[in-house]
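Subject: Structure handover

Hi,

Here is the structure I promised to pass on. My notes follow below it.

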2 protein chains.
Amino acid sequence: MPIQFETKKISGSARTGLLETPHGIVETPAFMPVGTQGTVKAISPRELHECGSQIILSNAYHLYLRPGHELIRKFGGLHRFMGWDCPILTDSGGYQVYSLADLNRIDDEGVLFQSHIDGSRHLFTPAKVVEVQAALGSDIGMVLDDCPGYPCTRERAAEAVRRSYLWAASSREAFEELAPEEITNRGQTLFGIIQGSVYPDLRSESARRITDLDFEGYAVGGLSVGEPKEAMVDMMLHSIGDLPPDRPRYVMGIGYPLDIIEAVLAGADLFDCVIPTRLGRNGTAFTDEGRLQVRNSEFSKQDRPIEEGCDCHTCRHFSRAYIRHLHNVGEILGVRLTTIHNIHFFASLLSRIRESIESDSLEKLRGRFYNFY
Amino acid sequence: MPIQFETKKISGSARTGLLETPHGIVETPAFMPVGTQGTVKAISPRELHECGSQIILSNAYHLYLRPGHELIRKFGGLHRFMGWDCPILTDSGGYQVYSLADLNRIDDEGVLFQSHIDGSRHLFTPAKVVEVQAALGSDIGMVLDDCPGYPCTRERAAEAVRRSYLWAASSREAFEELAPEEITNRGQTLFGIIQGSVYPDLRSESARRITDLDFEGYAVGGLSVGEPKEAMVDMMLHSIGDLPPDRPRYVMGIGYPLDIIEAVLAGADLFDCVIPTRLGRNGTAFTDEGRLQVRNSEFSKQDRPIEEGCDCHTCRHFSRAYIRHLHNVGEILGVRLTTIHNIHFFASLLSRIRESIESDSLEKLRGRFYNFY
């Protein structure tokens, strides 16, 4: 059985919902920490649970290259391989082949690229990427999309819209034609992706075409690829509005707390972003009063947690001074503790967002973050 | 109240015992994981508890430099600062100024050295090192010792024996004269250290002089500093035999499983070594069948734990293939998982050593490890 999505409370365009997957129910709106290589960097599955994360994202591109999707298939899928028994969404690699790999050729057949690790040559076709994700057995897979960077000419954006549609159609077909032995997770569901760069009419065209294919859920792609912040927000809100309300809407690669709240206000349900983990490794901690850089010397004598009242493992056990010391001397535990706090902060933020929707007060929560993020 | 040491079962020269400290009781023989900078590298206090560790070692030298012992004093001591409420032994820095710092001058007053971090100049006298450890509030502090490397002439070794005695006497005096406000842990105890390099008669002389000062416990120092393995074992066994049986005997910087068993057979009670953590970070895992290098490609498809039957967090949840993948792609979780397994392996080894003493079968356990370590 594919995923089931049910909206609970609607407040303006914002909504709470329940996304039922083969590995459990996700309360939406939800944030997905990024576990690119089959691990959310620096933290363990147990810590992820403790942080309140209900679903994570992983990357077909990376896992295809190392350790290989066939190996993960043999292990019964990514859930078992990495020891995470809750929902997983896998990204298709459309963005990674642009941002990481050495892109050799892109045409309607697919993307020919060279691995960012060893330069080996690979072809990603829509069907190949469906096959890879079927092996991984994620609960939600994404179609391969043509995801150009920024700046992007109108011509190139139009081509990406056309090609992403072709690929979405081929993906869908390949997904339906998977042989039983290729399928690790019988309940896996495929989502479509909207492109169109910073051109509103192209974005709407992409939404029309992709939704015509009738996926179980839709993602707004091609954002946060280098465009100005304002354009990112405009296009995000525009694209969310183009998507059918009865399906989960996923905004890819977003983002900062305020961006998430804006997107939820427009009706978005799912998010992923590397910032809580990437910034956490660098010593940046998210709080309700903005970001802290724990390496700063002002924290060296502070005998209080990163955030008062926070009930994450880090804030319950360790002082700012200790965490600052760990980062200062390059100890792994420092990286772990700030990552845990950030992942918990995002899980908790989304929980507060859901509560605010239930009480029709999301605008108020937005006001609280307006000056900080 | 200083530490209390009580032997329980004596089997040949080996013995089990209970070492009572202000932060709880340690069953001996015990292994102390090394938490040089106020953290056992890569793992958390909770994980240390879960691994079965009862006591850890930290380094006065490192903590004096960063974050500074005065800061840790203000935080109520190292236990609270690092979130570890079980016993801590701190090393004095005698070895670190030799192995890490730029040694400028050594004479009977103390050691003048330049920090390995920023080149700043510092003087460690016996009294200074006592003061630093009093601030840290460890349960067991070590006297400053003159710890030359290897090779070491007989003359230099004799000088180290003479000077280590002078310093031990000064340390003892300084320890007794600490002002109440300098003392973080009222039950802190000071141990003496035996030197003498690879010269048995000098080692015995050192033991006679240091034990004359009547410390609550004694350590065999100056080993594992570059000397041949055979000389290390000979000197270790020789020095252990020189120490009074009613006090805890601590062999510093040792070691591999077989070395630990040999030392226990000779009557040693405490050990510390970086190998479980250092090798763990590098992907080397200790097992009853010897060491594994999890990066090796042979593990890439193995769907079983590092060690069958091991009940550490790593072996209960993750396969060799997954751990190999994590190390292969440079993920922190890989480092964590092999470190956890190794720390657990050593805690479990010491537990088995204690059981073997209780049942007079330690020679048998030794035979089991003879071919592997």
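Two residues count as in contact if their C-beta atoms, placed from the backbone, lie within 7 Å. Please keep in mind that this is a predicted model.

**The two chains**

By that criterion, chain B brings 28 residues to the contact and chain A brings 28 residues. On the side of chain B that touches chain A, three helices each supply at least two residues: α4 (78-82), α13 (320-328) and α14 (332-358) of chain B. The top contributor there is α13(B), with five residues. By residue type, this side of chain B splits into 14 nonpolar, nine polar and five charged.

**Symmetry**

Two copies of a chain are related by a rotation about an axis and a shift along it.

**Domains of chain A**

The domains do touch: 16 residues from domain 1 of chain A and 16 residues from domain 2 of chain A take part in the contact. On the domain 1 side, the elements that give two or more residues are β4 (30-33), α1 (45-51) and α10 (257-265) of chain A. That side of domain 1 divides into 11 nonpolar, two polar and three charged residues.

**One residue to look at**

Find R80(A) in helix α4 (residues 78-82) of chain A. Is R80(A) buried, exposed or partly exposed? A residue is buried with 20 or more other C-beta atoms within 10 Å of its own, and exposed with 12 or fewer. R80(A) has 16 C-beta neighbours inside 10 Å, so R80(A) counts as partly exposed. Take L136(A) along with R80(A) when you look. The two are 56 residues apart in sequence, and their C-alpha atoms are 9.9 Å apart in space.

Over to you.

Best wishes

Terms used: Residues numbered from 1 in each chain as written. Chains lettered and ligands numbered in written order. Predicted model: local features only at pLDDT ≥ 70, side-chain atom pairs only at ≥ 80, totals over all residues. Helix = DSSP H or I, 4+ residues; strand = E, 2+ residues; numbered from the N terminus. Nonpolar A, V, L, I, M, F, W, Y, C, P; charged D, E, K, R; others polar.
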